[in-house]
Amino acid sequence: MFKRLLAATSIATLCLVSGASAAEKVEMWVRTGVGDAFKKAVESYNSSHENQVSMTEVPFSELVQKYATAIAGGQAPDALSMDLIYNPAFAAAGQLEDLTDWAKSLPYFNSLSPSHVKLGTYQDRIYGLPLSVETSVFAWNKDLYKKAGLDPEKAPTSWDEIATNAEKIRALGDDTYGFYFSGGGCGGCMIFTFTPLVWGSGADILSADGKTATLDTPEMRKAVDIYRNMVKKDLVPAGAASDNGANFLSFTNGKIGQQSIGAFAIGSLVTEHPDINFGVTLIPGATGGTSSFAGGDNFVITKGTPKIAAVKEFLEYIYSEDGQKIMAKYGSLPTRGDIADKVLAGLDPRLQVGIQAISVAKTPYTLQFNDLINSANGPWASFTNAAIYGDDVDGAFSNAQSEMQSIIDSGQ
Amino acid sequence: MTGYGSKTLSPQRKRRRRPGWRGLVYIAPAMALVILFFVMPVIFTGWMSLHNWPLMGGTRWIGFKNYVRMFHDARFMSALQFTAYYTVIVTIAIFAIAFPLAIFVEKQRRFVSAYRTIIFLPVVVGLATASLLWVWLANVDSGFIGPALKALGWADKSPNLLATFDSAFLTIIVMVVWKIAGFTMIILLTGLQAIPSELTEAARIDGAGRWQRFRHLTLPLMRKTIALALIISVTGSILAFDQFYIMTSGGPQNRMISVVYYIFNQSFVSFNLGYGAALSIALLAILVAISIVQLWLLRVGEERP
């Protein structure tokens, strides 16, 4: 009996060993809150390939520090789906594999999302390639438009129009509101949904080289005014003032008339909230024009991983037409421009607006994105709350302007 | 001469040395733990604080530059200021609630152990859990406090308690008092129970009134207990982090960044581990100084009757 048991175990061990040597098992981390797109792509890859990808979801707010500490402790995963804005900082720290030669050998390299590749490039070497694309768009609830006597098929084209519509929707009742944003110091939410107002009008919050803070512009003043007035007229739920991003998708509750959301949310609205009848359009600028924030994730490889061949094979699968189709179905826009039309054929037409947004979208390039923008205690996050909800708008501008500049200077 | 002296002293010294050696063995496990988990990390933190030590990438020796930087760091100064403000307010609030409660539950009366249990109950809830609970209670739409005020007609519309500094600070103070007062009450209760009833009785026979008995008998005899409760409360308040992180993420416009919160931000948001380490050493120095002052107060208490 004992002998048989021993034999069985040794055979099992042998199988395990041989299995491991035949196929690689790639460890990969992905942040939460990006929908199911990547998860489904991994499932389909694993079922059709010998190499396997094991995916770990890490809370989006902790991914950067977890990855950084894992690198420091030698426990880092082979590859990572990294919020692209962090790509420059990690590349500069010398923690990522240089992908330049391999990337340039890909036949479709030139049609990969350009802002992703730009963020993945540090000192002319490429350290990150696009994995998922997300843009911010303006959404309106068609049912509430109809109830408020507005034309549900007509997309608003200016903030005057949005504010007027918001007032009509607010008049519908106690708990119906015209507009929503996460205004409680959520830097990430506000850079995503609020800066397009400024970009669309031709201004920016940082200079092109990222070395000067240019927060205090007439365009930003106008944008702040637009939001302040909507808050003052009680068109925005009171909870927005302290929402640190946890309720970012309030639009899904069906009682918000209008909100700027992300393309991932289009996917989850379509698949998980089919009862919400909504339209999407580009976010108008404060004084004309349109813009969007090009966000999403870059695919990065930890420096020195022994499984680099398997990781590359997986990424090539993601870029294949099959891979792109699965990602798009669950809300991630195609990263390859050359086959975007083919990939999106037959999918929800509203995703097309997300694609259009790519051509007008911007992404700030800075090594200090976390410090300046995303941190809940950074100058941008507190500026948005102070300027929109505070009593001293001028003070909010001058404080944030000087604090941003001092953070930029200390990082030089 | 020396040989003679040592010969006569040696048996005595041997006898004296043995208990000392044995005592060392007894405390060795505790010492090992303290050295491994306190002394060594502190030394390492001190070493880190002398470097430019990013979370990723190489480290660079910069001497005392991190400490110099601290003095010009306006955000650190405002964090210190806020922490001091919070410590003073919350300590006064805790004692103002805990002392009457201790006197209330000290007397033998019906259901006294039930009262004690109920008042002590929040103490066993973790601080992070309690913070999350209060985030919900204070929620403007789906919470309890705001909608209750509205239902009672005390407010036109449900107020967003966490949106302005004053109401958010008040909410946190109330939460901490609810959570901590029971613990302070138990400490004060032991002090109250240690006062011999003969003394109180004698004072009463001498004609001392209720206030006189409290002022001249109870308070002086509880000096040591009060000092202990004070040290625990002050140290805990200076190290406050969870409630601000969870309930307000630093408060409206960053006005609720405590020192520990700032150290956390510097270390793990800005990745400046070296500067974070320097700030930690500074905080350690501040805490040691405050505790020395308080222990000195405690010794004064010993000398007096």
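Which residue stands opposite A:Gln258 in strand 8 of chain A, coming from strand 6? In this predicted model, local features need pLDDT of at least 70 and side-chain atom pairs count only at pLDDT 80 or more, while totals for chains, interfaces and linings use all residues. Residues are numbered from 1 along each chain as its sequence is written, and chains are lettered from A, with ligands numbered from 1, in the order in which they are written.

The residue is A:Trp140. Strand 6 (residues 129-141) and strand 8 of chain A pair up antiparallel, over 5 bridges; helices (H or I, at least four residues) and strands (E, at least two) are DSSP runs numbered from the N terminus, and pairing takes at least two DSSP bridges. Strand 7 (residues 177-180) of chain A pairs with strand 8 too, parallel this time, over 3 bridges, and A:Phe179 also stands opposite A:Gln258. Strand 8 (residues 256-262) is largely enclosed by the rest of the structure, because 7 of its 7 residues are buried (20 or more other C-beta atoms within 10 Å of a residue's own, with C-beta atoms placed from the backbone).

Now for the domains. Across the boundary, 26 residues of domain 1 are in contact with 21 of domain 2 (C-beta atoms, placed from the backbone, within 7 Å). Helix 16 (351-360) of chain A is one of the suppliers on the domain 1 side, and gives the most, with 6 residues.

Technical notes: A residue is buried if 20 or more other C-beta atoms lie within 10 Å of its own, exposed if 12 or fewer, and partly exposed in between; C-beta atoms are placed from the backbone. Two residues are in contact if their C-beta atoms, placed from the backbone, lie within 7 Å.
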